[in-house]
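Open your viewer, load the model and keep the sequence panel beside it.

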Amino acid sequence: MSEPVRVVYLGKLADIACRDQSRLDVHSGPIGWSDLIHILENQVSQGLGQAVSDNRVKVALNGKILEDRASLEASEGDEVALLPPVSGG
Amino acid sequence: MLDVRLLTEPFDPNPAIDALSAQTPDAGGIASFVGKVRSGGEVEALELSHYQPLTLPNMRDLAERASERFDLSGLVMLHRVGRMHTGEPIVCVSAAARHRRSAIEAVDFCMDHLKSAAWFWKRELRDGEWHWIEPRTEDHTDLSRWGG
């Protein structure tokens, strides 16, 4: 049994997802950006994939921001954080 | 000295400011800012969430940049997370420097960056409902004062 990928939802993405995090299994190989959007929309919460697609949402893999989120490849045991724009002052 | 912390419980900023003063005998002045949850408005509570792997390292990096840029003797940067009620401190930035202007500008620099570029997500409780606070256009203007 492989370790799942943990996806962490920050800010209002947690509301849309109705949870703070999800665990996704990686039986069929690493999860890329478009795979992730598809899984979030179809398996986690309707509207979540669309909300995460917003260009302002940044992605961190194991605590490091990805310069290009389309380059995401999440493998077993990885943590993917979805970070919407931070709130203003 | 740099004292950079995320706090999950209500805090009194004064002991940290006193400690900064005690540990920076070379400083000619200390400037401090304490941000609090406003009372008297319609906001009943404020909640800040953060992402542990990014938020504190990012604050430490900001503190180091401020310390270098303004040639500080010491800096305190304390930030609450979790649920806060009116009157409670949210943030405290206190800078010790040889000269007044450096200390004041360092606090302003840190606050502009904490407000608009740090990894915090805020929501307010109004009329029994939570509302997420969106980014503001002024935040970009505030940051651009410091040259990116």
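Two strands count as paired here if DSSP finds at least two bridges between them. Helices (H or I, at least four residues) and strands (E, at least two) are DSSP runs, numbered from the N terminus. This is a predicted model, in which local features need pLDDT of at least 70 and side-chain atom pairs count only at pLDDT 80 or more, while totals for chains, interfaces and linings use all residues. Residues are numbered from 1 along each chain as its sequence is written, and chains are lettered from A and ligands numbered from 1 in the order in which they are written.

**Stop 1: the sheet of chain A**

In what order do the strands of its open sheet lie? The order is β2-β1-β7-β4-β5, 5 strands with mixed pairing. At the edges are β2 (21–24) and β5 (64–65) of chain A, each pairing on one side only.

Now pick β1 of chain A, residues 5–9: this strand and β2(A) are antiparallel partners over 4 bridges. To see how they line up, show A:Val5, which stands opposite A:Leu24 in β2(A).

**Stop 2: a loop residue in chain A**

Next, select A:Asn62, in the loop between β4 (58–61) and β5 of chain A. Its phi is positive, about 50°, although A:Asn62 is not a glycine. Is A:Asn62 buried or exposed? A:Asn62 is exposed, with 11 other C-beta atoms within 10 Å. (A residue is buried if 20 or more other C-beta atoms lie within 10 Å of its own, exposed if 12 or fewer, and partly exposed in between; C-beta atoms are placed from the backbone.)

**Stop 3: chain A as a whole**

Chain A has 3 helices and 7 strands, running β-α-β-β-α-α-β-β-β-β from the N terminus on. The radius of gyration of chain A is 12 Å, close to the 12 Å of the globule rule for 89 residues, so chain A is as compact as a globular protein of that length. (The radius is taken over C-alpha atoms, and the rule is 2.2 Å times the number of residues to the power 0.38.) Along its principal axes, the C-alpha trace spans about 45 × 25 × 20 Å. Of the 89 residues of chain A, 28% count as buried.

**Stop 4: where the chains touch**

Colour the two chains separately. Here 13 residues of chain A are in contact with 17 residues of chain B, contact meaning that the C-beta atoms, placed from the backbone, lie within 7 Å.

**Stop 5: a hairpin in chain B**

Move to chain B and select β7 (120–126) and β8 (129–132). β7(B) and β8(B) pair in the antiparallel sense over 4 bridges, and their hairpin has 2 residues between the strands. Click on B:Asp127 in that loop: its phi is positive, near 50°, in a residue other than glycine. B:Asp127 is exposed, with 7 other C-beta atoms within 10 Å.

Methods
Two residues are in contact if their C-beta atoms, placed from the backbone, lie within 7 Å.
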